Amino acid sequence: MNPFAKSFSCVAATPPREQAVRLGRAALLGAAVLSLPIWLLSAAPASAQSIEELKAQLNMLQRRIEQLETEQKRAARREAEAQRQARLASQDAARNARVAEASPTQASPTQAPATNQGAPAAAPSSASQGLTASSAGRQPAGDQAPAAQFPMAQSGTGTVTPPQGRGGSGQPQPAPSTTPSRQANDQAPPQVASALPVQEQAANDPLSQWRGSFPGSFRVPGTDTSVRLYGFAKLNMIEDLGPRNRSDSLGSGIPLDHGAGGGRTNGDFQASARRSRLGIETRTPFDRDFGEVRTQLEIDFAGQTNDLTAQSTSNPYTPRLRQAFAEFGNFEADGWGTVLVGQSNSLFNDSVLIPLQWLNDWTALGASAVRQAQLRYTHRFAGGLTTSISLENSYSDVTSTSGTSYPDSNGGAGFGISEAPDLAAQAIYQGDWGFAALRGVVREVRIDNGAASNAAQRYNDTTVGYGLGFTGALNLLDKRLVLATTVNYGKGLGRYLDSSSNGYSAVTDFGLSGVSGAQAKIDAVQVLSGIVGAQYHWSDKWRSNAMLHGVRLNYPSYVHDFAGCIGASSGTVCDGVNRDIWAGVINLIYSPVKPIDLGIEYTHEERTLETRDLNGTRGGQADRIQASAIVRF
């Protein structure tokens, strides 16, 4: 029988009341089946919402796991440090016991030992870590890297806070506190202090997730990295008393007394803010064995501009890279040291060491302010000694009768090239009395004219350049008076004294009458330069700086035949061959509050040529008054 027919016959045979019940059940089942898709559709959003909530809970759980892992790492570091301190205490106890046994008559049996054997060894002082009060609150100076509180000084040597006012313009030194002896400037080169001790104390700090591991910094949430933004806005207002000089920094190229490049003009006024600066510094501590990682990026707006006349409307100054480096390792005294990679101040740079402040944005005559790419190793010793060695970018500069040659430009005698990096070294010793620093550099200076189309003009020659420098400062009168000096001597220093002998690492006789390519040679230029100066704090808000600068260069006699010299062919090369340059600077600076400097400065400069030029000119001089306002953040 057909199953449907059978089912129908069964239903038909069922009593009427029971048939009604069965039909009702069937109707309910059918309604449920028909409503199932509608229920599923209506339930879908709630299901999706539950999934999103579950994902959020999983994310929160993951973050909590990461926090617990971080806390475990910190606990492990604290435990390791506690064990290290215990070992040191044990060693001290054993040493004291040996001393007591060797000298039983020197201490009474009832006397307590000279040291607390149960207490952990004292943490190294800021001085032993190479950090002085001066480096704790400084801002970047003319050519330094940034500071912990304000922008900093020499970065590569381990400067975290630029010494305010070291070597220059943007770095005015903070005014002393109520007592000048307690000011934030110990007149010692800035050194980087380790952030590890601060990081390890963060476990007991309820705000540790925000507070950074070094002054002026904040922590990136969920990480151990601390970040500090720093910089300053600077306004320069300059009045040249004569002659006209549109450069906002004085140097070896001031106008001559008369002639084509001379100064038969009146003075000129100019104002600019292009020396303002912006920087960022980060620190990421790891552990006592490895140390930490520190990075720094700094720019100003003193780059070139394509059209100087644009100052009439918008002043479109080009940003200029000053610092861009990473330094990693142990910044503490007697650690394994640190390695720096990137662009930073050269180890021969003494502008970042000089604890004097001038408002002029020059590289001070007689000093170095070179910043360049390098690979550097630094070791800090207990007691205040820091040593560094580096391989730095090479860049030959050689001048001939037709102009100056660099690796990127042929001045008429070939390209200045180098086949090896420059080698530089530095040692700094510092204490409460001041500091002393020795610097040195060795470099290759080479010129190559092998690309000349005329075979008779092809030649190449090389010489070795070197330089030695000393920089020091002495604190007197409870640090109200600071005496400072720097001296540099060498052959082939050239661009390393960038405001004194740039372009004159060497000279060549190529291009002179009767000199062929096969006979051409280059000779390193000898240079001796120095600065002596003083800074005096009249009060906690007023201070003055006075400096005297001098440079002397010695050349081979054939430079008298360079183009533009009297009796030689026409040209202008002779106008840049200086024999002597000197300058005197004095200023007065007022700091109503620590981040602000308001100052006025007078500068007199003179230069004397090696020989008279075609116009009979032997030199030139310049007088400038400058007012500046600097506001740091």
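Predicted model: local features only at pLDDT ≥ 70, side-chain atom pairs only at ≥ 80, totals over all residues.

The chain has 633 residues, and buried residues make up 47% of them. By secondary structure there are 23 strands and four helices. On contacts, take the pairs of residues at least 6 apart in sequence: 67% of those contacts join residues at least 24 apart.

Now the cores. As general background, nonpolar side chains in soluble globular proteins tend to be buried together. Here the largest nonpolar core has 46 residues. Which of its members touch the most other members? They are Trp358, Trp362, Leu493, Val507, Tyr555, Val559 and Phe562. Six strands each supply at least two residues of this core: E13 (422–431), E14 (434–448), E16 (481–491), E19 (526–537), E20 (542–554) and E21 (578–590). There is also a second, separate core of nine residues, and Val398, Val445, Ile447 and Tyr459 are among them.

Stay with tryptophan 362 for a moment. Leaving out residues up to four places away in sequence, tryptophan 362 touches Ser249, Leu250, His549, Ala583, Val585, Thr603 and Glu605.

Next, the paired strands. Please find strand E8, residues 371–380. Is E8 largely enclosed or largely open? Seven of its 10 residues are buried, so the rest of the structure largely encloses this strand. E8 has pairings with E7 and with E9 to look at. Strand E7, residues 337–345, runs antiparallel to E8, and eight bridges join the two. One of the bridge pairs puts serine 344 with glutamine 372 in E8. Strand E9, residues 385–392, is also antiparallel to E8, over seven bridges. In that pairing, threonine 378 stands opposite serine 388 of E9. E8 and E9 form a hairpin, with four residues between the strands. Glycine 383 sits in the turn and has a positive phi of about 100°.

Two buried polar residues come next. Asparagine 475 lies in strand E15, residues 460–476. Its relative accessible area is 11%, under the 20% cut-off, so asparagine 475 counts as buried. What does its side chain meet? A polar atom of the asparagine 475 side chain is 3.0 Å from the backbone oxygen of aspartate 432.

The other is arginine 219, in strand E1, residues 218–219. Arginine 219 counts as buried too, at 3% relative accessibility. Arginine 219 and threonine 282 are 63 residues apart in sequence, and their C-alpha atoms are 9.4 Å apart.

Last, the disulfide. How many are there? The count comes to one. Cysteine 565 and cysteine 574 form it, with their sulfur atoms 2.2 Å apart. The torsion about the S-S bond is about 100°, so this disulfide is right-handed. Are these two cysteines buried or exposed? Cysteine 565 is buried, with a relative accessible area of 1%, and cysteine 574 is buried with a value of 1%.

To recap: E8 is largely enclosed by the rest of the structure, and the largest nonpolar core has 46 residues. That is what I had.

Key:
Residues numbered from 1 in each chain as written. Heavy atoms only, no water. Buried < 20%, exposed > 50% of the residue type's maximum accessible area, 1.4 Å probe, protein only. Pairing = 2+ DSSP bridges. Polar contact = N/O pair within 3.5 Å; in protein donor to acceptor, adjacent residues only side chain to side chain. Disulfide = S-S within 2.5 Å. Contact = heavy atoms within 4.5 Å. Core = buried A, V, L, I, M, F, W, Y, C linked by side-chain atoms within 4.5 Å.
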